[in-house]
Amino acid sequence: ETYQMAMYLLDQYRGTTLSCRYAVPPRLAPAESRTQLAEEVKVAVVDTIMRHPMLQVGMMDATSKIPSWIQLQILDLKQHIKWLYIGEHDDFEQTVQETFRFQLDDRSPDLSIKQPGWKITIIRQGNTPSMEVLLTWNHPQFDGAGAKVFHEDFLEMLNNAESGAYERTGLDGDFLRLPQAPPLLPTPIESLESLPLDLRYLAKVFWEETRPRFLHRDVSQAAWCPIRSSPYKTQFRAFFMDNASLLAILALCRQNRTTITGLLNGLALIAFSSHLDSTVAPAFQSSTIMDHRRNLPPAPPDAPWVRSDRAVGNYVTQLPHKFDTELVARIRSKLPADASEGRDLSADLRRELWAVSAQNRLEIVRKLEAGLRNDQVGVFKYVKDWQQTMSDMAKKTRQFTWLVTNIGVLDGNTSTRLSTTTTSTRSPTDGNTKSDDGQRWSIVRAQFGLSAEIPAAAIEFAPFSVNGRGMCVSANWPDCAVNTMLGERIVADLERWLAQLASQS
């Protein structure tokens with residue numbers, strides 16, 4: 001959290017957004033039901049807040065070297081739930097994308113206010129049976145997997161709410177009085193395990209951080225993209241893939257012993273090899289963001305989030321990958337003479353793609369098997385001043401050309417998940433509309449995106465899918481460091497090649 005806050009304070013990062021499109025039950029879709037809809041949403045948000053204590057706390061001494069979480073007495077829900085109503089003739093999708101991009105670069109409220117660093121923005125249009133819910137947060141509060149849990153639990157609360165039952169303990173209008181007992185927060189990853197570090201690994205990390213620049217001749221670093229800090233602006237692009245295409249891609253991944261994450265790393269390697277000359281980028285490094293929740297012990301018996309994999313907190317680390325000069329040269333030798341026009345992948349390139357993607361997945365599996373041993377999070381305890389560390393990092397050579405952060409698959413229909421954890425006492429003929437699937441809430445689409453991270457990868461890719469509903473792949477880069485035309489060509493390559501693979505499977 002201190003590392004993430006340092007990036008925010010130095011304006012090296014601003015926000016992260018996970019947006020979901022909710023199908024609104026017919027009884028709540030008409031414009032005249034606006035008040036009832038808003039009340040049901042508010043109550044579901046309250047229920048979600050009470051399940052996840054990290055949504056209840058603020059940060060104290062945020063600008064110090066050792067900030068800490070502070071228990072709050074009251075939440076002003078007007079600061080955390082924003083409604084945006086647009087006209088019937090407005091372009092809904094355009095409004096969603098414009099709002100999404102604005103949220104990424106928007107600064108959080110004054111940290112001295114000590115309110116939790118998250119909010120949802122809800123976009124509604126007339127009587128349409130859907131609404132967009134954009135969850136935007138400051139990364140010290142929780143990570144992308146935590147945001148996925150928020151949306152899934154919020155959906156569950158919407159479907160569990162009894163019609164008209166809007167009273168909640170501590171809720172008075174838009175003010176929520178929180179429990180007086182200290183909140184039980186998920187234990188930070190660095191406090192859960194010893195995070196063992198082999199002496200060889202620790203020495204390597206120390207040497208890479210301290211050796212003189214003239215001794216640092218790693219051609220795989222992203223020297224082609226110097227780190228620039230200002231003016232701060234995120235360039236954001238996204239494309240969607242329907243479920244039939246996604247299923248075809250997943251079948252190909254299984255056939256070639258890889259995953260969506262491995263495939264995107266492979267596609268990015270070919271795209272960057274195509275658009276960057278060998279004189280400026282003879283080799284590459286990339287990074288895969290990984291979720292450590294699988295390494296957590298069982299949640300405490302009294303934890304309201306019940307299971308450790310449902311904890312809203314920060315449990316991410318990253319795994320670096322190297323693509324050496326020999327591999328990159330071989331890929332470039334198989335590119336068409338004029339790659340700028342945007343060609344399909346040849347049979348030779350597809351073979352290279354699947355080999356690279358399978359190797360990438362193997363590296364991820366080995367990291368998962370190693371658990372917390374020799375993980376960069378274990379080194380964090382030796383950092384005494386994160387603001388100074390991140391300020392120094394911005395003066396170094398950029399390490400990664402690209403990054404992939406995949407927070408997985410969202411369950412957009414809670415009926416199946418709920419049936420395994422709850423027991424219904426209603427009969428099939430019960431008159432309550434909540435038992436009717438036609439009156440249930442669901443999530444039909446999602447989009448995940450990050451603001452530009454100044455010292456991180458040049459371009460960051462964020463795939464995310466809803467079970468049975470397809471996938472969105474987003475990309476972001478700092479406008480001051482990456483040429484917009486290059487970024488757009490890289491994204492266009494990924495979109496075109498994924499469509500090609502899906503159609504040829």
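Modeller: By class, the lining of the second largest pocket comprises 10 nonpolar, 11 polar and 7 charged residues (nonpolar: Ala, Val, Leu, Ile, Met, Phe, Trp, Tyr, Cys and Pro; charged: Asp, Glu, Lys and Arg; polar: the others, Gly among them). The model is predicted: local features need pLDDT of at least 70 and side-chain atom pairs 80 or more, whereas totals for chains, interfaces and linings use all residues. Residues are numbered from 1 along each chain as its sequence is written, and side-chain values use heavy atoms, without hydrogens or water.

The volume of this pocket is about 470 Å³ (the space filled by probe spheres set on grid points joined across faces, edges and corners). Its lining counts 28 residues, those closest to the centre being Ser108, Pro109, Pro116, Gly117 and Trp118. On a 1 Å grid over the protein atoms alone, a pocket is an open set of points with protein on both sides within 12 Å along at least five of seven lines; a cavity is a set where a 1.4 Å probe fits but cannot get out, and lining residues have an atom within 4 Å of a point. Strands β2 (58–60), β6 and β7 each supply at least two residues of the pocket lining (helices, H or I of at least four residues, and strands, E of at least two, are DSSP runs numbered from the N terminus).

Two of these strands, β6 and β7, belong to an open sheet of 5 strands in the order β5-β6-β7-β1-β15, with mixed pairing (at least two DSSP bridges between two strands). At its edges, β5 (81–86) and β15 (442–450) each pair on one side only. On average, neighbouring strands of the sheet are turned by 20° against each other, direction ignored (axes are lines fitted to C-alpha atoms, for helices over the stretch in contact, with angles from 0 to 180 degrees between N-to-C directions). Strand β1 (residues 16–23) pairs with β15 in the antiparallel sense over 8 bridges, and Tyr22 stands opposite Ile443 in β15. Across β5, β6 (118–125) and β7 (130–137) lies helix α2 (residues 34–51), running at about 150° to β5 (contact: heavy atoms within 4.5 Å).

Glu132 forms a salt bridge with Arg21, the closest N and O atoms being 2.5 Å apart (a Lys or Arg side-chain nitrogen within 4 Å of an Asp or Glu carboxyl oxygen). This pair links distant parts of the chain, Glu132 in strand β7 and Arg21 in strand β1, 111 residues apart. The whole structure holds 27 salt bridges.

Thr2, Met5, Ala6, Leu9, Ala62, Ser64, Lys65, Pro67, Asp385, Trp386 and Gln387 line the second largest cavity. Two or more residues of that lining come from each of α1 (2–9) and α12 (386–393); α1 gives the largest share, 4 residues. By class, the lining of the second largest cavity holds 6 nonpolar, 3 polar and 2 charged residues.
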